[in-house]
Amino acid sequence: STPDDLLAIQREAMNGPAVIRNNGGGHYNHSLFWQWMAPPGTSNVKPHGALAQAIDTTWGSYEAMQKAFTQAALTRFGSGWAWLGVKPDGQLAICSTANQDNPLMTAEMIPILGLDVWE
């Protein structure tokens, strides 16, 4: 399978069997999660360029975006994810999903950062 196949599966997961939604979502979400992990000592690196500008436009500051992202994670009851993503109109947004769901399945946005929230 290709990355495009995996994206197509995610976009259609809500219409298919639960096993595809759960296992496909788990694979997709964690594949991204491991890529987003930073090497030790680099956790204070902030976004720059177009992403930093979009964050400032949407939330006013990086710190305000962090607060909103943290709130999305802390208010997820049980297993799930907090997400930063890009909506079809190009705007940034934050959402939270349950279990192994992701924004491609539920919120129609492409995730660019996710945090696994486990109970």
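The following legends describe close-up views of a predicted model. Local features require pLDDT of at least 70 and side-chain atom pairs pLDDT 80 or more, whereas totals for chains, interfaces and linings use all residues. Residues are numbered from 1 along each chain as its sequence is written, and side-chain values use heavy atoms, with hydrogens and water left out.

**View 1. Helix α4 and its buried side.** Helix α4 spans residues 62-74; helices are DSSP runs of H or I with at least four residues, and strands are runs of E with at least two, numbered from the N terminus. Tyr-62, Met-65, Phe-69, Ala-72 and Ala-73 of α4 are buried, that is, under 20% relative accessible area, with exposed meaning over 50% and partly exposed in between (1.4 Å probe, protein chains only). The face of α4 turned away from this buried side carries the exposed residues Lys-67 and Leu-74. The buried residues of α4 pack against α3 (49-59), β1 (80-86), β2 (92-98) and β3 (110-117), where contact means heavy atoms within 4.5 Å.

**View 2. The contact of α3 with α4.** The two helices, α3 and α4, pack at an angle of about 70 degrees, with their axes 8 Å apart; axes are lines fitted to C-alpha atoms over the stretch in contact, and angles run from 0 to 180 degrees between N-to-C directions. Ile-55, Asp-56 and Trp-59 of α3 meet Tyr-62, Ala-64, Met-65 and Ala-68 of α4.

**View 3. Asn-99 in a loop.** Asn-99 lies in the loop between β2 and α5 (103-106). Its phi is near 50 degrees, a positive value in a residue other than glycine. Asn-99 has 44% relative accessibility and therefore counts as partly exposed.

Technical notes: Expected span 1.5 Å × (residues − 1).
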